[in-house]
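Have a look along with me.

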Amino acid sequence: MKLKSPIAALLFAGAIVGANAPVLAAKDSPLSASGLPVPRYVSLKSDHVNVRVGPTKDNDVAWVYTRAGLPVEITAEFENWRRVRDSEGAEGWVYHSLLSGRRTAVVTMKDKDELATLYESASTGAAVAARLQAGVVAQIKRCDASWCRIIGQGFDGWIEKQRLWGVYADEQVN
């Protein structure tokens, strides 16, 4: 291919180089280091997870998570590192092997003193199975359009999806 000007040659070369540049992925788009969609929810695999200010072991530890199963949202990927955000909005970098695909969620309420109702089936007319405090972490068993079945220590039932942080409003979990 013969290019007519030096500027055209530079633009062509830039297009070739740009084709290999990293691409930021939108939700539900499998364009990430792992090939999985970003953003997505995962959980912490360990009771000791260092969160770093950048995506290498040379970066300082900003804080340490001390609760296995806590849900986090992956917001970016760089090689084997994942930038995560927790339910309080804190963000940092975690090594990929410290994360699990096991789905969990945190119960959220507008008023921290209010209790979230857990039902025996996916209906506000169903019997009450439990009442959960804000901050309770539960394993997600499945979610439909507006309800999720969750389990945890001493409870098993259905909760309105809007009461959970760790599952997207339009997401189905099976």
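How many helices and strands are there in the chain? I count one helix and 14 strands, taking helices (H or I, at least four residues) and strands (E, at least two) as DSSP runs numbered from the N terminus.

A note on ground rules: this is a predicted model, where local features need pLDDT of at least 70 and side-chain atom pairs count only at pLDDT 80 or more, while totals for chains, interfaces and linings use all residues. Residues are numbered from 1 along each chain as its sequence is written, and side-chain values use heavy atoms, with hydrogens and water left out.

**Entry: the whole chain.** I looked up burial and found that 35% of the 174 residues count as buried (under 20% relative accessible area; exposed is over 50%, partly exposed in between; 1.4 Å probe, protein chains only). The accessible surface is about 10400 Å², and carbon and sulfur atoms hold 52% of that (Shrake-Rupley method, 1.4 Å probe; for residues, only the protein chains shown count as cover). Then I checked contacts (heavy atoms within 4.5 Å): among those between residues at least 6 apart in sequence, 51% join residues at least 24 apart.

**Entry: the disulfide.** My search of the whole structure gave one disulfide (a pair of cysteine sulfur atoms within 2.5 Å). Cysteine 143 and cysteine 148 are the partners, with S to S at 2.0 Å. The link is right-handed, with 110° about the S-S bond. Are these two cysteines buried or exposed? Cysteine 143 counts as buried because its relative accessibility is 3%, and cysteine 148 counts as buried because its value is 0%.

Entry: Next I followed strand E12 (residues 147-152), which runs antiparallel to strand E13 (residues 155-160) and is joined to E13 by six bridges (two strands pair if DSSP finds at least two bridges between them). Isoleucine 151 stands opposite aspartate 156 in E13. Two residues lie between the strands of this hairpin, and glycine 154 has a positive phi near 85°.

**Entry: the cores.** I looked for nonpolar cores (buried Ala, Val, Leu, Ile, Met, Phe, Trp, Tyr and Cys residues joined through side-chain atoms within 4.5 Å). The largest has 17 residues, and Ile150, Ile159 and Leu164 have the most contacts inside it. E8, E9, E10, E11, E12 and E13 each give two or more residues to this core, and E11 gives the most, with three. Leaving out residues up to four places away in sequence, isoleucine 159 touches Val107, Ala116, Trp147 and Cys148, among others. A second, separate core has 13 residues, including Val49, Val72, Val106 and Val137.
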